[in-house]
Amino acid sequence: MGKYDVNLIDKMKADVEIPKVVDAKLEEAYGRICLGEVEMKDGVLPDETWILRKGIRQGKPRRYMKYAASAAVLLLVLMAGSVILYANPALAKDIPVLGDVFGNLRKIRDESPYPEKDKTAYEQIAEHAKPAEIKANEESMTNAAEDSGISLAVSDVYCDGLELYFTLSARVEDEEMKKADFLCLMSYGDGDDIPFMGGNISVDGTKVHSDVLALNKAEEGEYVGLIRATSVEGAFKEEIVVNVAAGGISAHRAHAKEGEELGYKTVNGEWKLRFAAKSDASDNRIAKPGAEQNGMIVKEVIQTPSNMRIKCYAPSKWAGKALVFVVKDGDGNRVDVESSGATERTEDGGEIYEISLVHSQADEFTLQVYDKNEKPDESGYPPVIAEIPFTM
């Protein structure tokens, strides 16, 4: 059990006078539970405490049963649908806005008319994710923030050393914003009068590249997203501190009706989250094939539970050519490329390309390199410069 668990359980064990309003809420909750009007759900809180963890093993709740009475005093979790009420504001900052965030993400993905290409990412990341760590000796740390009637919270975090992922959930009170299909975090630049799309994310004080911070509608007034950030310095340290800041949150519709706008409302405010995480590269697979054709060399391949990266050397004759890369597994299935580009120039005038792909569990691959600057061949495609098989 980590320090986070111990601190939380110590809080639960403390003697607290029950306010009348809490006592009334408890009675109301018990009554509704007995009538079958309220269903308790898994995954309300992070870490391994019995009331906190999704997918607990059979019999494990007994271990923590002696804390249940004091926990009920400190924390009233009353669920109607997925609405969570907090009886103790002091603990609210340690509790994610939504319980099973990954469950909501999978539901949104699977019900989409155009599901995301990588069907394994959520499952893989969920399996390796840990609760956002809030260090007790640092008052500036919090995984929840509220302003202007909008609450944001980070619950689960995973870092494979190259990529950082964390779940971000929001609850809105504004009835107009509840009509949104998705929300976007906004931020202000120096001297800007209006915010621009995307919040600010930094790791250990260094700003990192991240996806547009969009949260999709899970239920009425509740939105969730899986945020991905990429290290700009090659790799994340083993222990990192993540800062997330937003100066506004905008509401959007996926499809606007006649006379309506897709982006129809922005709420200004200040939301600041700060939490700790640990990089875990133990499940990464690294290969240095050295496979070569026509001067192109597959220098390094890294498979993580969430994605795959290839470093490829291109000779000087193709420097600055903006090459195109296609990757297929041993069965001929194409592995979708997320991004590719030259990251450094070598002493001999060549370039190192870094190719980021969606996750693949295969062992055998072929890298195809195309020169799109040349005229298409008889098949209508640019000529293939190299076709390089390699093995993990």
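## Overall make-up

Helices (H or I, at least four residues) and strands (E, at least two) are DSSP runs, numbered from the N terminus. By that count the protein chain has 6 helices and 25 strands. The structure is a predicted model, in which local features need pLDDT of at least 70 and side-chain atom pairs count only at pLDDT 80 or more, while totals for chains, interfaces and linings use all residues. Residues are numbered from 1 along each chain as its sequence is written, and side-chain values use heavy atoms, with hydrogens and water left out.

Of the 392 residues in the protein chain, 46% are buried, where buried means under 20% relative accessible area, exposed over 50%, and partly exposed in between (1.4 Å probe, protein chains only). The accessible surface comes to about 20300 Å², and carbon and sulfur atoms hold 48% of this area. Accessible areas come from the Shrake-Rupley method with a 1.4 Å probe; for residues, only the protein chains shown count as cover.

## Confidence

pLDDT is the predictor's confidence in each residue, from 0 to 100. Its mean over the protein chain is 75, and 71% of the residues reach 70 or more. Residues 1–13 have pLDDT below 50, and this stretch has 26 contacts in the model beyond near neighbours in sequence; a contact means heavy atoms within 4.5 Å. Residues 29–94 also stay under 50, with 123 contacts beyond four places in sequence.

Among contacts in the protein chain with a separation of 6 or more, 63% join residues 24 or more positions apart.

## Nonpolar cores

A nonpolar core is a set of buried Ala, Val, Leu, Ile, Met, Phe, Trp, Tyr and Cys residues joined through side-chain atoms within 4.5 Å. The largest has 41 residues, of which Leu-164, Phe-166, Leu-183 and Phe-275 touch the most other members. Elements giving two or more residues to this core include β5 (150–159), β6 (163–172), β14 (239–252) and β15 (263–278). Leu-183 has contacts that include Ala-170, Val-172, Leu-213, Tyr-223 and Ile-249.

## Cysteines and a buried serine

A search of the whole structure finds 0 disulfides, a disulfide being a pair of cysteine sulfur atoms within 2.5 Å. Cys-159 is buried at 1% relative accessible area, and Cys-184 is buried at 3%.

Ser-356 lies in strand β23 (residues 351–358) and counts as buried because its relative accessibility is 9%. Beyond four places in sequence, Ser-356 touches residues including Arg-228, Asn-307, Arg-309 and Glu-338.
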